[in-house]
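Subject: Handover of a structure and notes on its features

Dear colleague,

Please find below the structure that I am handing over to you. I would be grateful if you could read the notes that follow with the model open beside them.

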Amino acid sequence: MARTDFYGLEHYLKPVEGYSLLPFRFRRGSDGQVLLTNDLGEFQHVSGFEFSQFVENKLDTASQLYFDLRAKYFLSDDRASIHSRIMASKYRTKKSFLEGFTKLHIFVVSLRCDHSCPYCQVSRQSEDKLRYDMSEETAHRSVDLMLKVPAPAVTCEFQGGEALLNFPLLQEIVRYTKARNETVGKHVDFVICTNLSTLTDDHLEYFKQHNIKISTSLDGPADIHDRNRPFTRGSSHAVTVKNIKRCQEALGKQTVSALMTTTRLSLKYPTEIIDEYLRMDLGSIFVRSLSPYGFAVKTVKALGYTAEEFFEFYKKALDYIVRVNREGRSFTEAYATMLLQKMLTPYPIGFVDLQSPAGAGFGVVVYNYDGDVYASDEARMLAEMGDTSFRLGNVHENSYEDIFFGETMQTIAAASCNEALAGCSDCAYQPYCGADPVYHYATQQDMFGNRATSGFCKKNMAIFDHLFGLLQNGNAELHEIFWSWINQASVAEIRLPEPEWS
């Protein structure tokens with residue numbers, strides 16, 4: 001006889017005598033509403049009165065709210081016999097980004113660059129300083145480490161400086177990776193982060209042959225981009241947009257992505273920046289704030305802003321993007337899309353800043369041009385400023401075990417779980433946020449961080465408040481737009497057709 005986990009009908013007809021509260025967090029809104037969340041990422045908005053009834057075990061067990069809270073694992077009763085197994089499965093899915101360990105491997109093939117961006121996170125070097133190029137031996141040792149991780153699929157990302165200035169080494173890394181991988185059998189994706197200034201037809205042909213994706217930077221229209229990204233040989237904007245179009249034509253639009261960095265100048269022009277991305281037929285924009293690394297630290301007084309100022313800019317940009325979608329154009333904001341996926345689905349995301357345990361070391365590792373290995377790109381940038389606290393080792397001196405399980409990685413791990421961090425553990429947004437020990441060390445000299453004064457926390461809290469408000473108060477069309485972003489589909493594909501009988 002087949003096994004069943006279901007009771008008979010008579011069990012479900014019995015009146016419920018009481019219920020138990022399951023672990024949850026909450027946040028009171030200015031409108032008197034209370035947001036409930038739990039470790040599974042489920043959420044529910046309730047009124048202040050309903051919240052009091054819930055926590056005092058006075059909810060009507062026949063009410064719709066009771067059934068909703070039970071279905072979302074905020075409470076349990078004697079009918080919830082398989083709750084624990086379902087909860088374990090959902091929590092395991094939420095944390096599945098940990099499976100296989102480090103999946104993103106960044107190769108800094110050169111620190112040389114032909115741009116002089118004042119907000120640059122990297123302590124770049126001029127084009128003629130060849131000693132800042134990665135050697136072939138360092139590249140081979142780094143690839144060997146990448147292919148040793150247990151993950152069945154990894155991403156090899158080329159960065160700089162400007163990665164195209166050491167293109168022969170990039171080709172050697174691709175060749176060596178594919179040769180070594182014949183016996184290893186991993187799926188390897190290749191991505192290059194480039195300003196595109198030196199792009200040639202030979203580059204494009206090579207990218208097409210080896211299915212290499214392009215990530216570039218576009219800060220908006222020419223007057224913004226050129227001021228943010230000075231170029232010694234003319235308008236950086238003109239070069240960038242010309243070569244984005246070349247990449248789109250040669251490789252396909254889906255293989256080319258761009259992100260922008262918000263400076264004080266950008267704050268005045270949210271719609272103009274979005275319009276530039278639409279004009280370039282880019283399907284998405286990542287509205288990114290300044291980071292406290294590299295040259296950006298020296299120019300923060302001229303280019304910087306408060307977390308509150310950034311949020312106001314971000315909100316205007318997001319609202320405009322929603323309007324664009326309402327008018328029939330499919331276009332997404334990448335940061336909101338990742339947060340919405342964490343809020344509305346059981347599935348994790350690959351963005352290391354929003355992971356717990358934090359992505360530093362667990363999800364990403366950086367092989368610097370000199371063989372030093374860092375827990376994240378930001379950790380490498382911090383080292384270029386003279387602080388090697390997040391250096392995991394060196395490919396010429398240390399083994400895989402030394403690098404990934406050594407003392408530095410253990411220290412990072414201790415500060416990486418927001419479930420156990422003061423100010424995070426009882427925050428309603430903890431299930432959707434990250435820890436980012438590198439950021440907090442850079443800004444507060446403490447990996448664990450003080451959330452009360454954390455710019456990371458202030459920014460994310462404001463964005464979460466806004467998104468949950470939109471989910472609570474938005475109409476069906478807005479929800480369809482958000483789901484289209486999560487599913488990487490057009491709104492027309494997500495929208496359910498009207499039934500014939502309506």
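In these notes, a residue is called buried when its relative accessible area is under 20%, exposed when it is over 50%, and partly exposed in between, using a 1.4 Å probe and protein chains only. The model is a predicted one, in which local features need pLDDT of at least 70 and side-chain atom pairs count only at pLDDT 80 or more, while totals for chains, interfaces and linings use all residues. Residues are numbered from 1 along each chain as its sequence is written, and side-chain values use heavy atoms, with hydrogens and water left out.

Overall composition

The chain contains 21 helices and 16 strands; these are DSSP runs numbered from the N terminus, with helices (H or I) of at least four residues and strands (E) of at least two. Of the 502 residues in the chain, 55% are buried. A contact here means heavy atoms within 4.5 Å. Among contacts between residues at least 6 apart in sequence, 69% join residues at least 24 apart.

The open sheet

Nine strands form an open sheet with mixed pairing, in the order β12-β10-β9-β8-β7-β6-β14-β15-β16. Its edge strands, each pairing on one side only, are β12 (287-288) and β16 (391-394). Two strands are taken to pair if DSSP finds at least two bridges between them. Strands of a sheet pair through backbone hydrogen bonds, either parallel or antiparallel.

Five of the seven residues of β7 are buried, so that the strand is mostly covered. Together, β7, α6 and β8 make a right-handed β-α-β unit; right-handed means that, with the strands pointing away from the viewer, the path from the first strand over the helix to the second runs clockwise.

N166 counts as buried because its relative accessibility is 10%. Leaving aside residues up to four places away in sequence, N166 touches V109, S110, R112, D133 and M134. G161 lies in the loop between β7 and α6, and a cis peptide bond with omega of about 20 degrees joins G160 and G161.

Backbone exceptions

Most residues other than glycine have a negative phi, and most peptide bonds are trans. A cis bond runs from S356 to P357, with omega near 0 degrees; P357 is placed in the loop between α14 (334-344) and β14 (364-367).

N57, which is not a glycine, has a positive phi of about 55 degrees. N57 is found in the loop between α2 (48-55) and α3 (64-71), and counts as partly exposed because its relative accessibility is 40%. Q445 also has a positive phi, near 60 degrees. Q445 lies in the loop between α18 (437-444) and α19, and its relative accessibility of 60% is why Q445 counts as exposed.

The second largest pocket

A pocket is an open set of points on a 1 Å grid over the protein atoms alone, where a 1.4 Å probe fits, with protein on both sides within 12 Å along at least five of seven lines; lining residues have an atom within 4 Å of a point. The second largest pocket has a volume of about 290 Å³, a volume being the space filled by probe spheres set on the points, which are joined across faces, edges and corners.

Which residues lie nearest the centre of this pocket? They are G29, S30, D31, D465 and Q472, from a lining of 15 residues. The elements β2 (25-28), β3 (34-37) and α19 (455-473) each supply at least two lining residues, and α19 gives the largest share, five residues.

Yours sincerely
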